[in-house]
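Let's take a look at where charged side chains pair up in this one. Have the picture open while you read.

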Amino acid sequence: MERPEAEPLSASGSCQAGEAEAEAGSGPAAEEPGGRAAGTMMEDCLSKKIEITVSEAEKRTGRNAMNMQEIYTAYLIETRAVESQTEGQCSPPDSLWRRYSEFELLRNYLLVNYPHIVVPPLPEKRAEFVWHKLSADNMDPDFVERRRIGLENFLIRVASHPIICQDKIFYSFLTQEGGWKEMVNETGFQLKAESRLKALNATFRVKNPDKRFTELKHYSDELQSVISHLLRVRARVADRLYGVYKVHGNYGRVFSEWSAIEKEMGDGLQSAGHHMDVYAASIDDILEEEEHYADQLKEYLFYAEALRAVCRKHELIQYDLEMAAQDLASKKQQCEELATGTLRTFSLKGMTSKLFGQESPEQREGKIKVLEEQIHDGEEQLKSKNVEGREFVKSAWADIERFKEQKNHDLKEALINYAVMQISMCKKGIQVWTNAKECFSKM
Amino acid sequence: MINQYKFEDEPELKDLFITVDDPESHITAIETFITYRVVTKTSRGEFDSSEYEVRRRYQDFVWLKSRLEEAHPTLIIPPLPEKFIMKGMVERFSDEFIETRRKALHKFLNRIAEHPTLTFNEDFKIFLTAQAWELSSHKKQGPGLFSRMGQTVRAVASSVIGGGVKDRPDMFTDINDYMETFNQKINLIDKISQRIYKEERGYYCEMKEYGPIHTLWCASEEDLVDSLKGVASCIDKCCKATENRMAGLSENLLPALHEYVLYGEILTGVLKRRDQIQADLDSKVDALSNKKTEKDLLTEEIGNLEDKVECANNALKADWDRWKQNMQHDMKTAFLNVAENNIHYYEQCLATWESFLTSQTVDLHLGEDSEDKP
């Protein structure tokens, strides 16, 4: 099954770095039909310049943080300049080894630094939606192989994204073997990440979120729910299908033994038995291919989480904005009360001053001055927060539109792939049973 | 009684048509039982009428079988469906059980009708034609079950005590050996086939849930509605096709295999009875060589027994050949049917997925065309 290799995906934002955020969501780009966009849109994308593959996986032993021995898998990332390919030169690729945890580190970095981007997800950490023949073991060769493909897909998706493909940390991930982890940590992104914890609470107290983001959150919940359900049932279907095919294999042996005591029927039975064996064996390849289809769906299952992350960031920004506005409003009110001497709202200061006597005019003046300064600062802050909020909405929504196009294209393609797989399976079935029928007729 | 009866001639010569259908439940103070309608259409002179309709219960079939076994100890009498099914999943009088039994009883009577000798058996005729009370009174006459049981007991005893019969003709030893292996294999195939049926049913159940999820997904995806609905419809059609495939198994292969599983025991019994007849002769021959008196009487008895043995052997040989031919034909038919069902199943599924694919690629082409427009 082909993974998108440097496929220009339709981008509703332009690809030029820096301008992308300001011009995102412009009309004509958003109206572009799903499918391949003209190559000119993606000129600056990394994926056009270098070819990225995750070509190998290897078991390694090492020592973990607690100095205990551990076994892990390392993946070989190869990069090769595209131009050298087209000119007929086959220059050897640059390569380095990375393990899954480093991919996770990269992704977390991108999540924190590009909160308005729907960051492509990694392949699953642990095998889920496993049916009985499939191993849930991370060391299982089939799992490792599917993960290798998933990691390659992840890198290509990042490299094809007009904005994040330009990130220096990403580039170093691909090209700089040593010291990369230190470099990432030095950016201090983890500190920024702490604020994400706040986001969990923000949802309950945001009064005016952008409706589109609220809808998007619902959409991502639905997407997650329906794909999970689909994958679960698909796994069960696969299990049963496996059973049907494999039990037919038992015919092979018994037909063969039976044929030994039959004169006229013997040959027909024997050869029919052989075809039953072929039939039973054919399911392994069929279901292995279907796993790739499941992986395609899983990618979008995990994309749902990425969508939610963008929504949460919006809510967080909106929450900060509302808090700031609230704070400003209360300060203004305090100021007004002090100036006019009326107490409209309960405040401790007001009460204490009533109890312990009024302040002197000089004290009051002082307080008003402080408040006025704070109000001035607050207004400036509110202005910039508003701008930040609006810009976030604009750029995030642009990426979401881009994502939607990609999703529609990919899912449609996946469904077509599924049909192709079914057709292949049916053709094989017809072949085998036609052969078997031939043998039975000779009995 | 050497029979040159050819199976292929049968369709032209058939003059007795029997159906078993319409199971009905009867409740009395003592018991609940099912009767089946047995309809006979015939052009034979021995029958007073050309059409008969009677009601028979399972017990009546058992009676008939025992009468046939008594009258023809070395003929292969077809099997009856079992009294109980010990699978735990099918209850005694469930619709599934009754239908399976009905089909087997139908097969049983038709096998007898097709048998060159058994078809003219008097008890068979009475079974097909007598009213309920007539049958009851007829049943009470004659030796009935007990003497048959006695015969079988003796036969079993002799085979246990004596080991084999001395000088058993090789042919029958060969048949015995053949049946041992055949029984083993047919039992295995029966089990395998039942397992396949179970797996197919499980697959069918999961597919029933699988299709609708895609339709559900449509609700949140405007742009994918066509593709998703298409996939849902394909899966539903394949589900239906699986149902047909399963029906094919349960209607053809499974009953056929099961009948031959039951034949295993029948053939063992037939061989034993033949051995018993020979044993009777052998013991009389031994007696002759020992006794000085009554030689004439014994010689005459031995003469009769020798005839009896020769008849029994010939009957069995002929019936064995016939049975083998039938078995070959039946197995071939049953498995051909399975192959055809599977081909049909895959052809149906192929057609539905191919038409989906065509519809999707047509959409893509249309999409690309609109991109080129200025």
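Is Asp15(B) buried, partly exposed or exposed? Asp15(B) is partly exposed, with a relative accessible area of 23% (buried means under 20%, exposed over 50%, and partly exposed in between, using a 1.4 Å probe and protein chains only).

## Before we go on

This is a predicted model, where local features need pLDDT of at least 70 and side-chain atom pairs count only at pLDDT 80 or more, while totals for chains, interfaces and linings use all residues. Residues are numbered from 1 along each chain as its sequence is written, chains are lettered from A and ligands numbered from 1 in the order in which they are written, and side-chain values use heavy atoms, leaving out hydrogens and water.

## A bridge inside chain B

Asp15(B) forms a salt bridge with Arg44(B), their closest N and O atoms being 2.9 Å apart (a salt bridge is a side-chain nitrogen of Lys or Arg within 4 Å of a carboxyl oxygen of Asp or Glu). Arg44(B) counts as buried, at 9% relative accessibility.

The whole structure has 57 salt bridges over all chains.

## Bridges between chains

Arg236(A) and Glu206(B) meet in a salt bridge of 2.8 Å, N to O. That pair crosses between chains. Arg236(A) is partly exposed at 34%, whereas Glu206(B) is buried at 15%.

Glu340(B) and Lys437(A) make another salt bridge, with their closest N and O atoms 3.4 Å apart. Both partners are partly exposed: Glu340(B) has 37% relative accessibility, and Lys437(A) has 29%.

Technical notes
Helices (H or I, at least four residues) and strands (E, at least two) are DSSP runs, numbered from the N terminus.
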